[in-house]
Amino acid sequence: MRLSVKHLLGIKDLTKEDIELIFQTADNFKAVLSRPIKKVPTLRDTTIVNLFYENSTRTRISFELAEKRLGADTINFATSSSSVSKGEGLIDTVNNILSMKVDMVVMRHSASGAPHFLANHIQVPIINAGDGTNEHPTQALLDAYSIREKCQTLKGKKVAIIGDIMHSRVALSNIFCLQKLGAEVLVVGPPTLIPKHIESLGVQVTYDVREALQWCDVANVLRIQLERQNKPLFSSLREYALFYGVNKKLLDSLQKEIIIMHPGPINRGVEIDSDVADGPHSIILNQVENGVAIRMAVLYLLAGKTSAE
Ligand code: CP
């Protein structure tokens, strides 16, 4: 079985069958990761460069670990210590790296569309590790995989995505992924942080977090992305927390169990309180754990191998 795509640029380009293949492959790799020796030689002789033009903790470490668990050789590139600081452009940087016989590129960039641009100029598979406010496909895959693990299926599940939808690549990739797998999606946040016409993607919209929580089986709480906001879009973080923060008092008042997710990094006390993030219904660390198996699956499938043993 092969993916229908050469690159993983966004969930938008994947079929439902692609996503299911990634999940089945991740199941195999999750079993590998629970063994005493957590490594397979599947991508031995494959060299992968992790090009991070924007900061990352989870995604960068998770990709590097996935590559190492598959036996690949990895190169980590950070713009601050590279010739990008001397003015070198994206295509020159990547072509120079590829001339050293690199087989795959994992890239995070603050500009939406940067990996798509690169895909038109280079031959090796590219994996988008987050591009601007566009997509973060492996995050959405690990999110949906974590819901599947907890609920067995995504079909018919109600997922509320809460917070800064406007600036979130996680929101867009999650919407595409969840809908392809048969889940219903509702977005909630302040009107200034919900994109106009988002209903055209087939999602429901509310501005009332209590109503969203009352409706959903799963709440995916997003970070306020102040670094992407040129001007204030709400009055203060304190007021945001008061009206849109997910806290224990609010959840207890609903008298139902909701699975709590967050892609990280978390602003504790703003979009989510610690007793919810660390509480019994949180699967936040399961998301992080599953990220390694999902990224192993994506790397393996794009490398064109046929067996995950
Ligand atoms: N979830 C996520 O993308 O986190 P990082 O920015 O730390 O990679």
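This is a predicted model: local features need pLDDT of at least 70, side-chain atom pairs count only at pLDDT 80 or more; totals for chains, interfaces and linings use all residues.
Q: What volume does the largest cavity have?
A: Its volume is about 70 Å³. The count of cavities of 30 Å³ or more comes to one.

Q: Which residues line the largest cavity?
A: The lining consists of Arg58, Thr59, Ser62, Gln139, Leu142, Pro263, Gln287, Val288 and Arg295. The elements that each give two or more residues to this lining are α2, α5 and α11.

Q: And how do the residues of that lining divide by class?
A: Three are nonpolar, four are polar and two are charged.

Q: You mentioned α5 and α11. At what angle do those helices pack?
A: Helix α5 (residues 137-151) and helix α11 (residues 284-302) pack at about 115 degrees, and their axes are 8 Å apart. The crossing of α5 and α11 is right-handed.

Q: Which residues make the contact?
A: From α5, the contact takes Thr138, Gln139, Leu141, Leu142, Asp143, Tyr145, Ser146 and Glu149. From α11, the residues are Asn286, Gln287, Asn290, Gly291, Ile294, Arg295 and Val298.

Q: What is the make-up of the α5 and α11 contact by class?
A: The contact has five nonpolar, seven polar and three charged residues.

Q: Stepping back to the domains, what separates their centres?
A: The centres of domain 1 and domain 2, taken over C-alpha atoms, are separated by 25 Å. The contact involves 31 residues from domain 1 and 26 residues from domain 2.

Q: Which elements give two or more residues to the lining of the pocket?
A: Those elements are α2 (58-69) and α6 (169-180). Helix α2 is also named among the elements that line the largest cavity.

Q: What about the classes in the pocket lining?
A: The lining of the largest pocket has four nonpolar, nine polar and seven charged residues.

Q: Why does the largest pocket lie between the domains?
A: The pocket is placed there because domain 1 and domain 2 both give residues to its lining.

Q: Back to Gly264 and Pro265: what kind of peptide bond joins them?
A: A cis peptide bond joins Gly264 and Pro265, with omega at about -10 degrees. Pro265 is located in the loop between β9 (259-261) and α10 (274-277). Both Gly264 and Pro265 are among the residues closest to the centre of the largest pocket.

Q: Which residue has a positive phi although it is not a glycine?
A: Lys101 has a positive phi of about 65 degrees.

Q: Where is Lys101?
A: Lys101 sits in the loop between α3 (90-98) and β3 (104-109).

Terms used
Residues are numbered from 1 along each chain as its sequence is written. Side-chain values use heavy atoms; hydrogens and water are left out. Axes are lines fitted to C-alpha atoms, for helices over the stretch in contact, and angles run from 0 to 180 degrees between N-to-C directions. Helices (H or I, at least four residues) and strands (E, at least two) are DSSP runs, numbered from the N terminus. A crossing is left-handed if the near helix is turned anticlockwise from the far one by less than a right angle, and right-handed if clockwise. Contact means heavy atoms within 4.5 Å. Ala, Val, Leu, Ile, Met, Phe, Trp, Tyr, Cys and Pro count as nonpolar, Asp, Glu, Lys and Arg as charged, and the others, Gly among them, as polar. On a 1 Å grid over the protein atoms alone, a cavity is a set of points where a 1.4 Å probe fits but cannot get out, and a pocket is an open set with protein on both sides within 12 Å along at least five of seven lines; lining residues have an atom within 4 Å of a point. Domain bounds come from an automatic or database domain assignment. Grid points are joined across faces, edges and corners, and a volume is the space filled by probe spheres set on the points.
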